[in-house]
Amino acid sequence: LDLLDRQGKYSNGFCHWPQPAWRRPDGTWVPSVANFTSLATPGQVGSGHTGLVTLLHEGGHAAHFANIDQPSPFFSQERAPMSVAYAENQSIFLEYLHEDAAWLGRFARNAAGRVIPWEVIEKHIRATHPYSVTSLRAMLAVPYFEKRLYELPEAELSVETLLRMAAEVERDIQGGPASRPLLCVPHILADEASCYYHGYVLAEMSVHQTRAHFLSVYGTIVDNPNVGRDLTERYWRPGNGTAFLDLVKGLTGKSLVADAWVKALGEDLEHKLTSEKAEYQKAVAAGARVKLEDADLGMRVLIKDGDDVVCDSNDAGLGALCRKFSAWVEAKSRLRPRREGCGRLC
């Protein structure tokens with residue numbers, strides 16, 4: 001795990017696998033080796049949130065590919081026949097925990113060990129939920145731009161045309177200039193990620209359908225062993241031996257539809273606050289099912305900063321690794337330079 005930003009580091013989170021997981025014909029298990037990044041900057045306001053979201057997203061990819069159990073490494077490849085929607089379903093499912101009050105109530109603690117106050121969660125929900133459809137529109141804008149781009153006759157291709165098309169798509173889909181301009185989206189600029197982004201839309205659709213299924217069947221998602229079992233058996237273990245739409249239907253019992261996503265977008269703000277507060281209160285009362293000191297992921301975890309090893313779970317376990325990493329981040333935060341005349345970290 002390479003989780004902090006630094007000069008010259010690639011400015012987008014990603015995950016890759018030097019060694020895919022698979023099972024040999026004699027039954028021997030070959031575990032995966034996964035590397036992934038995040039982009040947190042200690043001392044920078046808001047960077048912790050960005051770093052956490054990226055950590056959960058890329059960690060979802062790592063968990064998925066670590067649990068593919070098939071008789072060939074070709075089932076553990078992110079290339080075709082594995083679809084973008086299938087791969088991103090797993091990462092976005094875990095990413096959604098950062099907005100789940102049931103997860104925050106169990107695991108979001110400050111340096112003193114105090115749980116995140118409900119008032120902070122409430123403020124976030126009030127500030128974001130009424131506008132949540134804008135993130136969907138931002139996602140849709142990318143494939144609509146790509147569609148126009150690749151349908152454009154070669155003779156009409158020019159810098160001016162690209163800029164005009166991007167502005168028109170932002171206006172038509174997002175209502176005006178985007179906070180992240182379309183031509184800054186890295187997927188559009190990289191050949192291996194072109195025609196990729198629509199997969200995020202399908203994946204998020206499936207995430208909402210999967211969450212709705214778990215809530216209807218089990219009542220809870222966070223710290224629920226049944227959820228982990230179902231994800232492992234139905235989504236992760238098959239690898240790309242099963243098509244995305246078949247996987248979703250196999251777990252949820254329904255073909256992929258947008259109903260759960262539309263319902264979530266249209267949920268009344270006060271109703272959402274009431275339900276999330278109830279889940280938060282139950283989570284705080286219950287606490288984490290597994291304490292950090294007792295956690296065993298069945299793997300070795302290395303946290304690095306470029307080529308430098310920050311901490312290694314082989315030294316003293318996962319709990320010690322987390323404490324050492326936390327102290328290292330705190331030290332990094334104190335080292336951030338202050339601007340002349342600025343009374344805070346800038």
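1. Let us start with Phe14. Setting aside its neighbours within four places in sequence, Phe14 is in contact with Asn35, Phe36, Thr37 and Glu58, where contact means heavy atoms within 4.5 Å. Phe14 sits in the loop between β1 (2-4) and β2 (15-19); helices (H or I, at least four residues) and strands (E, at least two) are DSSP runs, numbered from the N terminus. With a relative accessible area of 34%, Phe14 is partly exposed; buried means under 20%, exposed over 50%, and partly exposed in between (1.4 Å probe, protein chains only). From C-alpha to C-alpha, Phe14 and Ser38 are 7.7 Å apart, although 24 residues separate them in sequence.

2. A word on the model. It is predicted: local features need pLDDT of at least 70 and side-chain atom pairs count only at pLDDT 80 or more, while totals for chains, interfaces and linings use all residues. Residues are numbered from 1 along each chain as its sequence is written, and side-chain values use heavy atoms, with hydrogens and water left out.

3. Now the whole chain. The protein chain has 14 helices and seven strands. Buried residues make up 40% of the 346 residues. Of the contacts with a separation of 6 or more, 65% are between residues 24 or more positions apart.

4. What does Glu95 do without, although it is buried? Glu95 has no salt bridge, and the nearest side chain of opposite charge, Arg180, is 11 Å away. For such charges, Lys and Arg count as positive and Asp and Glu as negative, while His and the chain ends are not counted. A salt bridge is a side-chain nitrogen of Lys or Arg within 4 Å of a carboxyl oxygen of Asp or Glu. Glu95, in helix α2 (residues 84-95), does have a polar contact of 2.7 Å with the side chain of His57. A polar contact is a pair of N or O atoms within 3.5 Å; within protein, one must be able to donate a hydrogen and the other to accept it, and residues adjacent in sequence count only if both atoms are side-chain atoms.

5. On to the salt bridges. Side chains of opposite charge can pair when their charged atoms come close. The count here is 17 salt bridges. Lys9 and Asp2 form one at 3.2 Å, N to O; Lys9 is buried at 14% relative accessible area, and Asp2 is buried at 12%. A network of salt bridges links Asp2, Arg6, Lys9, Asp305 and Lys332.

6. Another pair is Arg323 and Glu293, whose closest N and O atoms are 3.4 Å apart in a salt bridge. This pair links distant parts of the chain, 30 residues apart: Arg323 is in helix α14 (residues 318-335), and Glu293 is in the loop between α12 (269-286) and β6 (302-305). Glu293 counts as exposed at 57% relative accessibility, whereas Arg323 counts as partly exposed at 48%.

7. Finally, look at helix α9 (residues 225-236). Its buried residues are Val227, Asp230, Leu231, Thr232, Tyr235 and Trp236, and they pack against α1 (47-66), α2, α8 (198-218) and α10 (244-252). Asn224 caps the N-terminal end of α9, with a side-chain oxygen 2.9 Å from the backbone nitrogen of Asn226.
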